[in-house]
Each structure stands twice: as C-alpha cells, then as structure tokens.
Amino acid sequence: MRVSCFQENLAKGLAIVGRAVSTRSTMPVLGNILLEAKDNQLRLAATNREIGINCWLAAKVEDEGAITVPARLLAEFVNSLPPERIDMELAVRTQTLTLNCARYNANMKGIDAYDFPLIPTAGDGTSDTTAVIDGVRLELESAGLRKMIEQVVFAASTDESRPTLTGVEVKFRDDRLTMAATDGYRLSIRSARLSQGLVPEPMTVIVPAKSLGELARISADADDTRPVQVIVTQARNQILFQLWGKGEEGRGAFHRVELVSELIDAKFPPYEGIIPKTHTTRTIVDTAALLKGVRVAFLFARDNANIVRLHVLPAPGGGQVRLTAASNEMGDNVNEIDALVEGEDLDIAFDARFLIDVLSQIDQPQVVLETTQPTRPGAIRPVGMGQDEFLHVVMPMHPPR
C-alpha cells in the first residue's frame, strides 16, 4: 500500500472515526483504526461492536492495500504534524506502516486488516473489509438533522441498567420523522417533515442516544445541500447513516462518512399519557433571559438538590416570573423576569439542570411554559415553531412550601 493525503484531512478523519474505537475490548484489533487505500480514496474505519464508522478521504493511491494501526498513537502523531502532505507506505511482510510528512517520519507496527471486523456499508461492497447492508432506504434533510438530534438526546437516560431509556425512539410515519427521548423525569419530542415524502411503510426503531450524538457531531462538517441517506435493516437490528462532505475536492474534511449502529431491541415506553393535554397557566418569556436567570439561580440551587422555584405571577397586560433558589449553607437568590402570563398564578419547582438543558437547545427568541398544578408536569415549547415540531415535558420536584 502506498497512499498520500493532506495532514488536515487525515487528522479530521481520525477524529471522526476515533470515537468508535474500543477502549475496553479483549481484542487488540478493536483498539486500532483501519486504513484502506483504494480507488483514489483512503478509507478510515473503527468499531467497538456497537457502533462502526467508515470515513472516506480524497487521496492519491499508488498501490492499493490495507492495514490496522493503534488508534491513539496514529491520531496523536498525525495531529503533531505540520499541515502538509503525508506519504504512507505499508511493508506487508512486517505489517509496518511508514509515515512521512515534511521532516517527520515514523514506523508503526500494525495488525493485518483481515483480522478487523467487517463494518456494514451502503457502498458497492467490493472491499474485503466491508459488508453491504440492505434494508429500507430513506432520505433526511441534513440541514436540520443535527439540531433535531441535539434537541432530543440530552433527555435520554445514562443509566445502563435501563437500556431502553438510553435510546431515542425514531419513528418514520407518513411524511414525518419523529424522535423522542426520556429518562423518566423529562421527555423531549422533536418532529420534522421528511424530504423524500411518504415513507414506504411506518417504522419505529430505538437508536442508542450515543450513536445519534456521534451522528450530530459528524454532521457539523457535512454538506447541507445533500440529504442524509438512511438504511434500516430490522433483520440485522442495525441502522446506517451516510453523510457527504463539503469543500473543494481533495481539500474537504472528508468525502463521505457512514455511521452504522446497533438498535436497541425493546419496546419504548408509551409516553403520550404524560403529555399535558390542557393548561391553566400559560407563560411566554424571553428564552435568553430565562436561561440566564436559571443559570444564576443554579449557583445556589446546586447545594439544595438543584431545586429552582418558579413563581408565575399574572398582571394586567403582562406578568412576571420570579426565580428563587436557596441553600442553608450558601444563601439564597431571587431573579425576576418580565413575561406575558395568561391564567392563574402558580408556584412550581423544577430541577435547574433540566431547565438549562432544554433552554440551551432552543434557538427561538421566546418560549412558552404551560402548567396546571405544582405537582403536574410542565410543557415547554419554542414560540414560532409548529405546534407539533418540538415539545419538552419536565416533571416538577416536590411542591413549594
């Protein structure tokens, strides 16, 4: 194998696939990154058996071949190099990869590529280190996909003893895509119209929140003008996302990336029952002002179970939201924010971290908080988005004294 590519491209590609490298496997090859030179492209790949990432970079290939090398060593070495061309050559007999860039050179001992697990791909399957995945094919608009994911995944549970709640329910139905996540204390639902129109058949899967988080991270460098290709194969219990890079040919961060993830084989809890159907108090408030107020209150709330109390006070032609937080050791804090309040006055307590999480993901200048009782969930929606596009439901903490 003899191949050349730009240092900045290789560094970016290694950062993309590096998050899929296994750190706890008993198989040494899973701690490596696969490099495969073919068809004037350099494919980087990594997998931890739960998620796999393929990344194709533009490259000059003089001799085709493949090798796996230690992920951490390769990434740290490449990141230390100047932004110039990197020449790589494999000595097949010793499985040693030689790298030359400017006045730097290194030899890295590797493991044969045939020992590397096959990673599913949407490609032509001509490589010996990939396997073509087949299933229902869909298209998503890449422009809003990243924000859609970010507005949902933070609500998923991180408790591995409840694996179902560590995933995001992804539902394809009619011409809409809906994502939902919950950790039992809050629920985030985001919906958007599919670019391809009607789906062939309704389909619901549970994708690990970690996998969608990686997809959102990768999509930051993707070409927004090209749709994201999605392949769902329920027979193999996997989902694959394919994104295309942007930038000049040969100088872009990547040519294309494919992320394949195992699905969570379970039934997502029915969440429709906890969504408030009515409200007695409706509060419209500036998003940035409320977020800042909650962050200030959290400085005191973090020593008192993160409790922030919202006192919603209606008034003729307007109203006010008063945020209070207290700590026996640290003191107390009161913040007042102007708002448009319709309905009854209300005192309700929330976990400050939950409010910060959702408000940080809302781009619209105003949000609406709909509430009924101090012991009932509150619903948060961005003002300006469609009624069915984004909804966040958060459970209150103990009633105010």
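The legends below go with a set of close-up views of one predicted protein model. Because the model is predicted, local features need pLDDT of at least 70 and side-chain atom pairs count only at pLDDT 80 or more, while totals for chains, interfaces and linings use all residues. Residues are numbered from 1 along each chain as its sequence is written, and side-chain values use heavy atoms, with hydrogens and water left out.

**Figure 1. The whole protein, to get your bearings.**
The protein has six helices and 27 strands. Helices (H or I, at least four residues) and strands (E, at least two) are DSSP runs, numbered from the N terminus. The C-alpha trace spans about 80 × 50 × 40 Å along its principal axes. Of the 401 residues, 52% count as buried; buried means under 20% relative accessible area, exposed over 50%, and partly exposed in between (1.4 Å probe, protein chains only). Take the contacts between residues at least 6 apart in sequence: 66% of them join residues at least 24 apart. Contact here means heavy atoms within 4.5 Å.

**Figure 2. Helices H3 and H4 packed against each other.**
Two packed helices are described by the angle between their axes and the distance between the axes. For H3 (residues 142-153) and H4 (residues 209-219), the angle is about 145 degrees and the axes are 9 Å apart. Axes are lines fitted to C-alpha atoms, for helices over the stretch in contact, and angles run from 0 to 180 degrees between N-to-C directions. H3 passes H4 in a left-handed crossing. A crossing is left-handed if the near helix is turned anticlockwise from the far one by less than a right angle, and right-handed if clockwise. On the H3 side, look for Leu145, Arg146, Ile149, Glu150 and Val153; they meet Ala209, Leu212, Gly213, Leu215, Ala216 and Ser219 of H4. These contact residues divide into seven nonpolar, two polar and two charged. Ala, Val, Leu, Ile, Met, Phe, Trp, Tyr, Cys and Pro count as nonpolar, Asp, Glu, Lys and Arg as charged, and the others, Gly among them, as polar.

Rolling a probe the size of a water molecule over the atoms shows where empty space is left. On a 1 Å grid over the protein atoms alone, a cavity is a set of points where a 1.4 Å probe fits but cannot get out, and a pocket is an open set with protein on both sides within 12 Å along at least five of seven lines; lining residues have an atom within 4 Å of a point. Grid points are joined across faces, edges and corners, and a volume is the space filled by probe spheres set on the points. The largest pocket holds about 710 Å³ of space. Its lining takes in 26 residues, with Asn48, Glu50, Glu160, Pro208 and Lys210 nearest the centre. H4 and strand E19 (256-262) are the elements that give two or more residues to this lining, and H4 supplies the largest share, five residues. Sorted by class, the lining has nine nonpolar, 10 polar and seven charged residues.

Six of the eight residues of H6 (residues 352-359) are buried, so the helix is largely enclosed by the rest of the structure. The buried ones are Ala352, Phe354, Leu355, Ile356, Val358 and Leu359. The structure holds one cavity of 30 Å³ or more, and the space in the largest cavity is about 60 Å³. Leu290, Leu310, Phe350, Leu355, Leu359, Val367, Leu369 and Ile380 form the lining of this cavity; H6 and strand E25 (366-371) each give two or more of them. By class, that is eight nonpolar, no polar and no charged residues.

Val358 sits in helix H6 and is buried, with a relative accessible area of 0%. Leaving aside neighbours within four places in sequence, Val358 is in contact with Phe154, Ile380, Phe390 and His392. Val308 belongs to strand E21 (residues 307-315) and is buried, with a relative accessible area of 0%. Not counting residues up to four places away in sequence, Val308 touches Ala297, Ala301, Leu323, Thr324, Ile348, Ala349, Phe350 and Ala352.

**Figure 3. Loop residues with positive phi.**
Asn40 lies in the loop between strand E2 (32-38) and strand E3 (41-47). Phi of Asn40 is near 55 degrees, a positive value in a residue other than glycine. At 48% relative accessibility, Asn40 counts as partly exposed. Asp174, in the loop between strand E13 (167-173) and strand E14 (176-182), has a positive phi of about 55 degrees although it is not a glycine.
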